[in-house]
Amino acid sequence: MSAERDFTGLEAAGRVAPGALLPVTLADVCFAVNGTDLLRGLSLTIAPGSRTVIMGPNGAGKSLLLRILQGLIQPTRGQLTWRRAWGEARGTEGDTAGSATDKHTSGAPPVSIVLQRPVLLRRSVAANLTHALRVLRVPRRDRAARLEELLTLGNLQDRRGQPARSLSGGEQQRLATVRALAGNPEMLLLDEPTASLDPQATQAIEALIQRSHGQGTKIVMVTHDLGQARRIADEVVFMANGRIVETAPAEIFFSQPQSNEARAYLSGHLVI
Amino acid sequence: MQELQSAFWEAGRLLLTFDSDLTEIVLLSLRVTLTAVFLGCLIGFPFGAFLAVARFPGRSLIVLVVNAFMGLPPVVAGLFLYLFLSRSGPLGPLGLLYTPAAMIIAQTILVTPIVTAMTRQVIEDLYQEYDEQFRSMGLSGARAVPSLLWDARYSLITGALAGFGRAAAEVGAVLIVGGNINHVTRVMTTTIALETSRGNLSLALGLGFVLITLSLLINAAVMSLRGSAKRLAYV
């Protein structure tokens with residue numbers, strides 16, 4: 001991933017912290033498997049700050065887009081341009097106080113992902129978080145305090161010694177979410193994190209998302225849940241058949257969707 | 001029939017009185033086998049994990065050879081090792097032939113492919129499961145190996161115990177490179193073979209009981225480990 005575009009204008013306007021990772025721009029990004037295009041010509045700019053919700057029917061390519069942003073898969077064609085390359089030093093003097101850029105743990109990937117089905121290690125809750133802190137190169141002296149912070153954040157203090165895989169679905173997802181926040185990422189990607197959770201567990205995950213957004217982390221979330229999208233989204237990216245069909249501020253998207261696909265999706269019609 | 005009955009009684013007496021010859025043989029057997037299993041794990045765990053996560057030309061061939069060596073006939077392993085350790089062999093000057101050290105090397109050769117192959121399989125499956133999560137954290141390749149080995153610990157112990165079973169029951173290789181010398185390299189399996197041929201069934205039977213007990217204990221340990229791991233949701 002390269003940092004080629006010039007965003008000094010945005011910096012000057014105070015919309016971007018100097019040294020920040022975002023915006024990220026996708027230009028005509030395609031992804032194909034065995035000659036079949038699964039993502040076609042995606043062009044999009046993901047700006048810092050707002051909560052971006054990606055919606056669309058199954059097979060639209062939402063999860064693939066998240067995986068491309070996380071760097072888990074590479075586009076077959078097109079260009080993905082971060083404002084700053086992932087490996088570059090950050091946190092330069094003069095950064096906006098309190099931004100995620102300041103807090104980001106050096107050595108940790110600046111983007112973190114929470115998968116629909118969390119992959120938890122065969123260890124206790126605390127050991128899962130300690131492992132993440134070690135892998136993300138959080139200094140040894142800071143780990144114990146950070147572990148307590150994360151356990152508190154996920155409301156998992158009473159579960160610290162319990163095998164992670166024996167937790168309930170909601171607890172597992174809470175653990176996966178706070179683990180993803182362990183390195184203070186600049187951008188948090190969430191792939192249907194509450195897909196199989198009850199309202200109470202969903203509320204707990206949403207509270208975590210809102211809290212990390214409040215602390216300056218960019219949120220990009222895939223969801224099928226219209227209610228959740230309305231609660232969280234500042235802007236909506238609507239996808240269908242591997243394409244971005246519509247991008248709009250949330251208010252406009254939900255009140256005046258421009259595309260037939262989005263209208264059908266929002267009105268509950270089957271979009272195939 | 002009476003002779004067989006008295007052999008059983010005599011074997012029981014040897015076991016209950018901790019007969020010095022029998023005890024010496026059992027202890028040497030355990031020393032040789034446990035050391036070989038330890039060395040086999042020392043080599044097999046990291047090598048198997050490396051084969052699971054690394055991708056390089058010739059990897060499939062190495063995996064094939066390791067898998068094939070799981071069934072390596074002990075006498076063949078013993079024969080090749082004998083050629084290496086014999087006076088005219090490349091390792092002859094070390095003077096290891098007919099010593100417990102030679103027997104440990106022979107059993108290590110038999111145990112290592114088992115531990116390696118089982119480790120590769122277990123770690124490969126686990127790596128597939130953890131792959132996306134690990135890569136999203138910037139953890140891949142060799143850096144992922146310690147985490148994978150730790151999370152697969154219960155399955156790996158099962159592999160090590162399988163190696164122990166193979167080594168403890170093996171007779172061909174240790175007979176060739178150890179020479180079955182009394183009070184020096186005589187272990188349970190070689191003693192059973194020798195004493196049976198001599199008609200001294202009581203000692204052979206006594207050692208046979210010890211071997212069967214060991215086998216039962218190993219299986220009980222494996223079952224108990226897997227049960228605990230499952231209960232703790234660690235597998």
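Student: In what order do the 6 strands of the open mixed sheet of chain A stand?
Tutor: This is a predicted model, in which local features need pLDDT of at least 70 and side-chain atom pairs count only at pLDDT 80 or more, while totals for chains, interfaces and linings use all residues. Residues are numbered from 1 along each chain as its sequence is written, and chains are lettered from A and ligands numbered from 1 in the order in which they are written. Helices (H or I, at least four residues) and strands (E, at least two) are DSSP runs, numbered from the N terminus, and two strands pair if DSSP finds at least two bridges between them. In chain A, 6 strands form this open sheet with mixed pairing, in the order E5-E6-E7-E3-E8-E9.

Student: Which strands stand at the edges of this sheet, each with a single partner strand?
Tutor: An edge strand here has a single partner, so one side of it is left without a neighbour in the sheet. The two strands in that position in chain A are E5 and E9 (243–249).

Student: By how many degrees are neighbouring strands of this sheet turned against each other on average?
Tutor: Axes are lines fitted to C-alpha atoms, for helices over the stretch in contact, and angles run from 0 to 180 degrees between N-to-C directions. For this average, direction is ignored. The value is 15 degrees.

Student: Which helix of chain A packs on the sheet, touching E3, E6 and E7?
Tutor: Two residues are in contact if their C-beta atoms, placed from the backbone, lie within 7 Å. The helix in question spans residues 199–214 of chain A, and its direction makes about 150 degrees with that of E7(A). It is H7.

Student: How many bridges join E6(A) to strand E7 of chain A?
Tutor: E6(A) also pairs with E5(A), in the parallel sense over 4 bridges; there, A:Met187 in E6(A) is the bridge partner of A:Val111. Towards E7(A) (residues 218–222), E6(A) runs parallel as well, and A:Asp191 stands opposite A:Val222. The number of bridges between E6(A) and E7(A) is 5.

Student: How many of the 5 residues of strand E6 of chain A are buried?
Tutor: A residue is buried if 20 or more other C-beta atoms lie within 10 Å of its own, exposed if 12 or fewer, and partly exposed in between; C-beta atoms are placed from the backbone. On one side of E6(A), A:Met187, A:Leu189 and A:Asp191 are buried, and on the other A:Leu188 and A:Leu190 are buried. The count for E6(A) (residues 187–191) is 5 of 5.

Student: Which residue in E8(A) is the bridge partner of A:Thr52?
Tutor: Strand E3 (residues 51–55) and strand E8 (residues 235–240) of chain A run parallel and are joined by 4 bridges. The partner of A:Thr52 in E8(A) is A:Glu235.

Student: Does A:Thr25 count as buried, partly exposed or exposed?
Tutor: A:Thr25 is found in strand E1 of chain A. Because A:Thr25 has 19 C-beta neighbours inside 10 Å, the class is partly exposed.

Student: How do H4(A) and H5(A) lie to each other: roughly parallel, roughly perpendicular or oblique?
Tutor: H4 (residues 125–135) and H5 (residues 140–153) of chain A pack at an angle of about 125 degrees, with their axes 10 Å apart. Angles under 35 degrees count as roughly parallel, over 145 as roughly antiparallel, 65 to 115 as roughly perpendicular and the rest as oblique. H4(A) and H5(A) are therefore oblique.

Student: Which element gives the largest share of the side of chain A that touches chain B?
Tutor: In total, 17 residues of chain A are in contact with 15 residues of chain B. The elements of chain A that give two or more residues to this side are E5 (111–114) and H4. The largest share, 3 residues, comes from H4(A).
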